[in-house]
Amino acid sequence: MTSFWTGQRVRLRGIEPDDWSAFMRFAENEERLGDLLNPPRSAEGFRAWAKEQAAAKSEGDCFGLAIEAVDTGKILNLNS
């Protein structure tokens with residue numbers, strides 16, 4: 001039996017502290033779209049955020065996940 005969280009192409013998993021660089025890249029890509037403008041954040045800010053998310057407890061049905069490609073292990077940004 002396979003995991004409920006893993007499909008043929010993607011796997012949903014908890015955010016890990018090492019995911020910070022992918023989320024920083026996503027924020028940069030999002031800014032280029034012009035739909036959202038956030039103040040610049042440092043790499044350390046993204047590292048701290050990812051570490052906090054990795055340790056966060058879920059509150060009911062509210063929780064964050066990373067979407068990872070099964071074949072490459074890379075985190076996907078569905079907005080790009």
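**Nonpolar core.** I looked up the largest nonpolar core of this predicted model. It comprises 7 residues: Ile 15, Ala 22, Phe 23, Phe 26, Phe 46, Ala 66 and Ile 75. I took a nonpolar core as buried Ala, Val, Leu, Ile, Met, Phe, Trp, Tyr and Cys residues joined through side-chain atoms within 4.5 Å. Buried means under 20% relative accessible area, exposed over 50%, and partly exposed in between (1.4 Å probe, protein chains only). Helix α1 (residues 20–33) contributes the most to this core, with 3 residues.

**Conventions.** I number residues from 1 along each chain as its sequence is written. Local features need pLDDT of at least 70, side-chain atom pairs count only at pLDDT 80 or more, totals for chains, interfaces and linings use all residues, and side-chain values use heavy atoms, without hydrogens and water.

**Ile 75.** I then listed the contacts (heavy atoms within 4.5 Å) of this core residue. Beyond its neighbours within four places in sequence, Ile 75 touches Arg 13, Asp 19, Ala 22, Arg 25, Phe 26, Ala 66, Ile 67 and Glu 68.

**Chain.** I recorded 2 helices and 2 strands, in the order β-α-α-β along the sequence. These are DSSP runs numbered from the N terminus: helices are H or I with at least four residues, strands E with at least two. Of the 80 residues, 16% count as buried. Among contacts with a separation of 6 or more, 71% join residues 24 or more positions apart. The C-alpha atoms fill a box of roughly 45 × 25 × 20 Å along the principal axes.

**Leu 12.** I found Leu 12 in strand β1 (residues 10–13). Leu 12 counts as partly exposed because its relative accessibility is 31%.
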